[in-house]
Amino acid sequence: YLGLWRTPYPCTQPQQQQQQQHRCLSGAAGDEQDKIIMKGLVFHGYHGALPEENTLGQKFVVDAVLWADIAKSGHTDRLDDTLDYRKVYSEIQQVVEGPAKVLQEAVAEQAAQRLLALDKRVTAVQLYIRKPHVALPGVLDSIGIEIMRRRS
């Protein structure tokens, strides 16, 4: 997992890490743009390739980063000048708890597109969606995918 706080191509050389730390933390949508970060959103969904996943459902955990110009809200202290976190949460919830899809990739894509459409200030979205309880013949923490989508 590449991590929500780094670019898709994280700094790897120790001497470069210190020099590029700000760039790595600013993310792939990048440059100096503000971010809204939501971590550990937990939902019950029915996505998966197995019939049991579609009937019993399972827990999905979502981390989201939205790049948007929210500088004005820092000066005005007005909710209208930033993104409403409740709306962001609701959009993700509606997709994850909505109609079943076979792939997590499809869940992430639909959620990302809805978040980009939510507000014109959102220029990019990064989502990390994982299933902590997966039917695989081994021990693992979770299976997940991470996508990055930019406004076209």
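Select Q126 first: Q126 stands opposite M148 in β4. Strands such as this one are DSSP runs of E, at least two residues long, and helices are runs of H or I, at least four long, both numbered from the N terminus. The model is predicted, so local features need pLDDT of at least 70 and side-chain atom pairs count only at pLDDT 80 or more, while totals for chains, interfaces and linings use all residues. Residues are numbered from 1 along each chain as its sequence is written, and side-chain values use heavy atoms, with hydrogens and water left out.

**The sheet**

Next, select β3 (residues 122-131) and β4 (residues 143-150), which pair in the antiparallel sense over 8 bridges; two strands pair if DSSP finds at least two bridges between them. I129 stands opposite I145 in β4.

In β2 (residues 58-68), 10 of the 11 residues are buried, so the strand is largely enclosed by the rest of the structure. β3 is mostly covered, with 9 of its 10 residues buried.

I36 stands opposite L66 in β2. With these selected, 4 strands form an open antiparallel sheet in the order β1-β2-β3-β4. β1 and β4 stand at the edges with a single partner strand each, so one side of each has no neighbour in the sheet. The twist averages 15° from one strand to the next.

**The helices**

Select α4 (residues 85-96) and α5 (residues 104-118): their axes come within 9 Å and cross at roughly 150°. Axes are lines fitted to C-alpha atoms, for helices over the stretch in contact, and angles run from 0 to 180 degrees between N-to-C directions. α4 and α5 are therefore roughly antiparallel to each other (angles over 145 degrees). Show K87, V88, E91, I92, Q94, V95 and V96 of α4 with V107, Q110, A111, R114, L115 and L118 of α5, which make the contact (heavy atoms within 4.5 Å).

Finally, show helices and sheet together. α4 lies across β1, β2 and β3, at about 35° to β1. α5 lies across β2, β3 and β4, at about 150° to β3.

Terms used:
Angles under 35 degrees count as roughly parallel, over 145 as roughly antiparallel, 65 to 115 as roughly perpendicular and the rest as oblique. Buried means under 20% relative accessible area, exposed over 50%, partly exposed in between (1.4 Å probe, protein chains only).
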